[in-house]
Amino acid sequence: MSSPTLKTPAGDGRKRVVVAMSGGVDSSVVAALLARSGHDVIGITLQLYDHGEAVGRKGSCCAGQDVEDARRVAQMLGIPHYVLDYEKRFSDAVMQSFAESYVAGETPIPCVTCNQQIKFKDLLETARELGADLLATGHYIQRGEGTDGPALFRARDADRDQSYFLFATTREQLADLWFPLGGMRKSEVRDIAHDLGLLVAEKSDSQDICFVPKGRYSDVIERLKPGALTPGDIVHVDGRKLGEHAGIVNYTIGQRRGLGIPSPEPLYVLRLDATKNEVVVGPRAFLQTHTLVLRNVNWLGDGELEDGAEVYARIRSSQAPQPATVSVDADGTVTVTLRYGELGAAAGQACVLYTDGSDEARVLGGGWIAKAVKADTMDRLESSA
């Protein structure tokens, strides 16, 4: 297939573009297409972490072999390439935040924090210092224009859409960002990589949490927050003590397996009480919630976020958005009411808002879940009995 010619959101003509090159196929294709379209391309790879097996683990990113892959692709394309040591910034802004959130009984999403604090803040500032017109990445999301300026839309490839992880991107940042792959499907991107002879054409996609070597969050948290794995009680929602745990960071809201508690009925993790160091369990019905209180809301819609706004919302990247209503209190508190409710919503997760439920809907922004409001405990105990 022929390689497309890319027109930048900054207008016609040759532009200086910094490409965030992770060493994967997506960002490599972005750099190749921009270079072949005649733009002045500078490749930058961020060295974010380097510990043990993570640097060579299949599916990792931003360390070890990935840095070398990015360098080799840039050399093949004939573009300048720089590796920036962002390890301390990444540790302070992303890894420490991740650990603190888990210790507080939340369910953090470090990929959102990385995009918000590292790629679209620190790296974007570096791109501006280099005189770049735009910072381009391999994210699957579409940038367009709204009444009030740059707007975000879900990717054409719904299976690859990354809008959930980019809701915190501000309109000011969007003015200098470019996502060339948003209108393509992953299969097309790999075909282009093969046609261009890129050495990473068949490279596996990176995993979401890049700095967890073996997928065990508790190991990383214990290293970052010594003493975090403090034993405590596992209690039933009705107040009964059922057993003990080896640290609340070993549990997530909605978890059923691995509780180690004999019970005539299935038990699920309902709440992680960091203050009491308790894991609260109970029937599945207690996981249901319709109301979410948000914090640090980033609004990307036209005009102001209005009380009573009808939107679509989702709290997991793997789920389709559902109809919801937004309430804005006098003090600015934003609450989202889900029409169909959700199981296992937890503090620390993101709630992302859209105009509708279509594949290429506009992203209206979103916020972090501060509290998932559930129905009265006794009512639920009686209804589940």
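Me: Where in the fold is E310 placed?
Reply: Helices (H or I, at least four residues) and strands (E, at least two) are DSSP runs, numbered from the N terminus. E310 is in strand β13, residues 309-314. Residue numbers start from 1 along each chain as its sequence is written. One thing to keep in mind: this is a predicted model, where local features need pLDDT of at least 70 and side-chain atom pairs count only at pLDDT 80 or more, while totals for chains, interfaces and linings use all residues, and side-chain values use heavy atoms, with hydrogens and water left out.

Me: Is E310 buried or exposed?
Reply: Buried means under 20% relative accessible area, exposed means over 50%, and partly exposed is in between (1.4 Å probe, protein chains only). E310 counts as exposed because its relative accessibility is 55%.

Me: What lies 44 residues from E310 in sequence, yet 9.5 Å from it in space?
Reply: That's Y354, with the 9.5 Å taken from C-alpha to C-alpha.

Me: Where is E125 found?
Reply: E125 also belongs to helix α4, which covers residues 110-129. At 38% relative accessibility, E125 is partly exposed. L135 is 10 residues from E125 in sequence, and their C-alpha atoms are 9.6 Å apart.

Me: On to charges. How many salt bridges does the structure hold?
Reply: A salt bridge is a side-chain nitrogen of Lys or Arg within 4 Å of a carboxyl oxygen of Asp or Glu. The structure holds 23 of them.

Me: Which residue forms a salt bridge with D26?
Reply: K186, with the closest N and O atoms 2.9 Å apart. This pair links distant parts of the chain: D26 is in helix α1 and K186 in helix α6 (residues 186-195), 160 residues apart. D26 and K186 are both buried.

Me: What else does the side chain of K186 meet in a salt bridge?
Reply: D205, at 2.8 Å from N to O. Here too distant parts of the chain are linked, since K186 is in helix α6 and D205 in the loop between α6 and α7 (217-224), 19 residues apart. K186 is buried because its relative accessibility is 6%, whereas D205, at 29%, is partly exposed.

Me: Which residues are linked with K186 in a network of salt bridges?
Reply: D26, R160, R190 and D205 join K186 in that network.

Me: What does R154 form with D161?
Reply: R154 and D161 form a salt bridge, their closest N and O atoms being 3.1 Å apart. R154 and D161 are both buried.

Me: Back to helix α1. Where is S27?
Reply: S27 is in helix α1, residues 25-36. It counts as buried because its relative accessible area is 4%.

Me: What lies 3.1 Å from a polar atom of the S27 side chain?
Reply: The backbone nitrogen of S22. A polar contact is a pair of N or O atoms within 3.5 Å; within protein, one must be able to donate a hydrogen and the other to accept it, and residues adjacent in sequence count only if both atoms are side-chain atoms.

Me: What phi does N277 have?
Reply: N277 has a positive phi of about 55°, although it is not a glycine. It sits in the loop between β10 (268-273) and β11 (278-282), and at 18% relative accessibility it is buried. N296 has a positive phi as well, about 50°, and it is not a glycine either. N296 is in strand β12, residues 288-299, and is exposed at 59% relative accessible area.

Me: Which residues gather in a patch of negative charge on the surface?
Reply: Patches are made of residues with over 30% relative accessible area and no salt bridge, with like charges joined within 9 Å and nonpolar side chains (Val, Leu, Ile, Met, Phe, Trp, Tyr) within 5 Å. The patch here gathers D148, E304, E306, D307, D329 and D331. D331 is in the loop between β14 (322-328) and β15 (334-343), and it is exposed because its relative accessible area is 62%.

How values were computed. Accessible areas come from the Shrake-Rupley method with a 1.4 Å probe; for residues, only the protein chains shown count as cover. Lys and Arg count as positive and Asp and Glu as negative; His and the chain ends are not counted. The place of a charge is taken as NZ of Lys, CZ of Arg, CG of Asp or CD of Glu.
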